[in-house]
Amino acid sequence: MIAIELLEKYNGIVKNYKSGYTIFEEGKQPTHYYQIISGEVKMNNYNDEGKEFIQGIFYKNQCFGEPPLFIDQVYPANAVAVTDSELIIITKDKFFELLKNNSEISLNIIKNLSQRLYYKSVMAAEISSQDPEHRVLRLIDYSIEQLNFKKEEAGFLINFTRQQIGDLTGLRVETVIRAIKSLEKKGDLKIINRKVYR
């Protein structure tokens, strides 16, 4: 998203986080801009029964957790390293200084935030009214478009576990498994060596 060299110019620091490490917690005041150099990070919440809901999964060159920086609100979710991850971070003050001095990057940040807001709106409508197969397919199609999933000979490899699909759509894992099998029978998805392709 933002060139590493530019982030370093604004005192960016590279940090490594082990898989499972909580980078920041829901309810905490935001202090930094985070961008992924390598690895995978999820934003999540837990309901009263302890069930996880994944707000989003972020990959190489993506940023996360920046909306609260702009509105001076606490984080609405946790950020957790899904895999060992390397991030570059800069302080909130330096991030705003960078944006003020680089209008093109400011526009890219606005575009990125708009895409995520659009995704949230689409998924909220899907989760509230559509059947499980439709929810799963909609998530997969959006993710192929937005997350640049790798195209292989069999099609696009869906880089989500069944659990992650469930957590992103509000479905139980058993329901996700049934939906994927049904979508495979209809020819909408392929399952090869337990991997899902579109």
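This is a predicted model: local features need pLDDT of at least 70, side-chain atom pairs count only at pLDDT 80 or more; totals for chains, interfaces and linings use all residues.
Visitor: In what order do the strands of the open sheet of 4 strands stand?

Guide: Strand 1 (13-17) and strand 6 (63-64) each have a single partner strand, so one side of each is left without a neighbour in the sheet. These two strands therefore stand at the edges. The pairing is antiparallel, and the order is 1-8-3-6.

Visitor: How many aromatic pairs does a search of the whole structure find, and how are the rings of Tyr 17 and Tyr 21 arranged?

Guide: The search finds 10 aromatic pairs. For Tyr 17 and Tyr 21, the ring centres are 5.4 Å apart and the planes stand at 40°. An angle under 30 degrees would count as stacked and one over 60 as edge-to-face, so this pair is tilted.

Visitor: Are Tyr 17 and Tyr 21 buried, partly exposed or exposed?

Guide: The relative accessible area of Tyr 17 is 11%, and the limit for a buried residue is under 20%. Tyr 21 has 47% relative accessibility, whereas an exposed residue has over 50%. Tyr 17 is therefore buried, and Tyr 21 counts as partly exposed.

Visitor: How far apart in sequence are the parts that the pair of Phe 24 and Tyr 34 ties together?

Guide: Phe 24 and Tyr 34 form a tilted aromatic pair, with 5.4 Å from centre to centre and 50° between the planes. Both residues are buried, Phe 24 with a relative accessible area of 6% and Tyr 34 with 7%. Phe 24 lies in strand 2 (residues 22-24) and Tyr 34 in strand 3 (residues 32-38), so the parts tied together are apart in sequence by 10 residues.

Visitor: Which residues form one aromatic cluster with Phe 24 and Tyr 34?

Guide: The cluster holds Phe 24 and Tyr 34.

Visitor: How are helix 5 and helix 6 oriented to each other?

Guide: The axes of helix 5 (residues 132-147) and helix 6 (residues 162-169) come within 10 Å and cross at roughly 100°. Arg 135, Val 136 and Leu 139 of helix 5 meet Ile 165, Leu 168 and Thr 169 of helix 6, a contact of 4 nonpolar, 1 polar and 1 charged residues. Angles of 65 to 115 degrees fall in one class, so helix 5 is roughly perpendicular to helix 6.

Visitor: Why is helix 6 described as largely enclosed by the rest of the structure?

Guide: Among the buried residues of helix 6 are Ile 165 and Leu 168. The description holds because the buried residues of helix 6 number 6 of the 8.

Visitor: What is the relative orientation of helix 5 and helix 7?

Guide: Helix 5 and helix 7 (residues 173-185) have axes 9 Å apart and pack at about 80°. Residues including Val 136 of helix 5 and Ile 180 of helix 7 make the contact, which has 6 nonpolar, 2 polar and 1 charged residues. From that angle, the two helices are therefore roughly perpendicular.

Terms used: Residues are numbered from 1 along each chain as its sequence is written. Side-chain values use heavy atoms; hydrogens and water are left out. Axes are lines fitted to C-alpha atoms, for helices over the stretch in contact, and angles run from 0 to 180 degrees between N-to-C directions. Angles under 35 degrees count as roughly parallel, over 145 as roughly antiparallel, 65 to 115 as roughly perpendicular and the rest as oblique. Contact means heavy atoms within 4.5 Å. Ala, Val, Leu, Ile, Met, Phe, Trp, Tyr, Cys and Pro count as nonpolar, Asp, Glu, Lys and Arg as charged, and the others, Gly among them, as polar. Rings of Phe, Tyr and Trp (its six-membered ring) pair if their centres lie within 6.5 Å; planes under 30 degrees apart count as stacked, over 60 as edge-to-face and the rest as tilted. Buried means under 20% relative accessible area, exposed over 50%, partly exposed in between (1.4 Å probe, protein chains only). Two strands pair if DSSP finds at least two bridges between them.
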